[in-house]
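Thanks for passing this one over. Here are my notes, as numbered points to read alongside the model.

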Amino acid sequence: MKKFAALLLALVMVMGVSLASAESLSIAYMPNYASLWSVVTGINQGYFAEEGLDVQLVEFADGPTIIAAMESGSIDMGYIGPGAHKLCINGRAKVFMLSQIGDADAVLVRPSAGISTYADLKGKKVGYSSGTSSEMILQYALEEAGLTMNDIEAYEMEVSSLVTAMISGSIDACAAWSPNTGVIMAALGDDCVKLCSNATFAHKSVSPASWIVLSGYMDNNRDTVLKFTRGLYKAMDFASDPANFEQVAQWVAAQCGTDFESALAQTGDATWPNSQTIITGAQDGTIEGYYKVQQDAFIASGAVEKEVPVSDYVLFDVMVEAGK
């Protein structure tokens with residue numbers, strides 16, 4: 001940590017920007033590659049410092065908790081996975097940047113518990129994390145067999161507890177996301193099978209992950225959000241290049257306190273866009289289409305009551321303006 005602080009200080013001093021004059025931001029993340037790939041690159045490459053920002057990362061377990069922290073005033077901006085977007089649709093936060101389209105969520109089952117198909121989930125003990133992409137992919141899996149949450153013994157818990165419960169045998173199956181899924185599969189070996197992932201349901205849903213901000217913060221700090229977005233764009237251009245995956249994985253592993261191999265394995269969890277992909281997609285409607293499909297899936301599942309114009313909660317103008 002001391003070496004990192006010294007490196008950051010050297011970077012900003014070289015660029016003529018001192019930490020004292022930089023604007024400090026508290027940025028929420030989750031401890032995985034998908035959440036960190038761009039922001040940790042922006043920090044280590046000095047891209048945020050170039051924008052006059054001192055980015056301080058704060059770890060959270062899930063998206064709903066991050067939004068609650070933003071509402072309390074302790075967090076300025078944050079990253080959320082697919083499941084928490086229903087809170088944005090319901091007006092609690094706004095998306096200012098698409099991070100990536102993910103394939104990090106999965107339903108894992110234990111063959112020893114007699115589960116090999118979606119239908120086999122009936123009556124089984126299944127763990128999930130409420131309000132997150134964990135709950136969403138579990139519902140998709142149940143729908144494939146004509147089941148609902150009432151047909152299983154559903155155990156709601158934090159994602160870290162899912163790992164412990166699955167490995168100990170307290171539950172028969174779980175819905176979780178990377179890197180937790182990798183930890184479970186490595187620990188259980190042949191007694192763990194991936195029943196499905198986001199890609200399984202690509203025909204009816206996409207899984208965008210995003211950077212979000214509260215409306216009030218956006219209204220009062222638009223320039224700051226634009227600076228942060230520009231830093232993300234520079235970071236995406238570096239981190240989306242496969243030639244740099246190993247370097248980014250090293251930064252992610254250092255931030256999460258995990259091993260390099262685990263972080264590198266997560267590079268297959270999503271499609272990592274560069275800045276031009278985001279800017280063009282914001283202009284031609286591609287990104288709006290992603291969020292529309294996602295919203296339709298929420299409505300179909302009952303997680304969202306009624307349709308809301310995507311432009312009400314996704315700030316395409318920020319994505320475009322920051323790219324100029």
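1. Helices here are DSSP runs of H or I with at least four residues, strands are E runs of at least two, and both are numbered from the N terminus.

2. A word on the basis: this is a predicted model, where local features need pLDDT of at least 70, side-chain atom pairs count only at pLDDT 80 or more, and totals for chains, interfaces and linings use all residues. Residues are numbered from 1 along each chain as its sequence is written, and side-chain values use heavy atoms, leaving out hydrogens and water.

3. Which residues of α9 (residues 180-188) are buried? They are N180, T181, I184 and L188 (buried means under 20% relative accessible area, exposed over 50%, partly exposed in between, with a 1.4 Å probe and protein chains only). They sit on the same side of α9 because they cover an arc of only 100 degrees around the axis, the arc being that of the directions from the helix axis to the C-beta atoms. Their cover includes β5 (105-109), α8 (159-168) and β8 (173-177), with contact meaning heavy atoms within 4.5 Å.

4. On cysteines, the disulfide count is zero, a disulfide being a pair of cysteine sulfur atoms within 2.5 Å. For C174, the closest cysteine sulfur is in C192 at 7.0 Å, too far for a bond. C174 is buried, at 0% relative accessible area. For C256, the closest cysteine sulfur is in C174 at 19 Å, also too far for a bond; C256 counts as buried at 19% relative accessibility.

5. Lastly, A199 lies in the loop between β9 (193-197) and β10 (208-213), and counts as partly exposed because its relative accessibility is 47%. Its C-alpha atom is 9.8 Å from that of A270, 71 residues apart along the chain.
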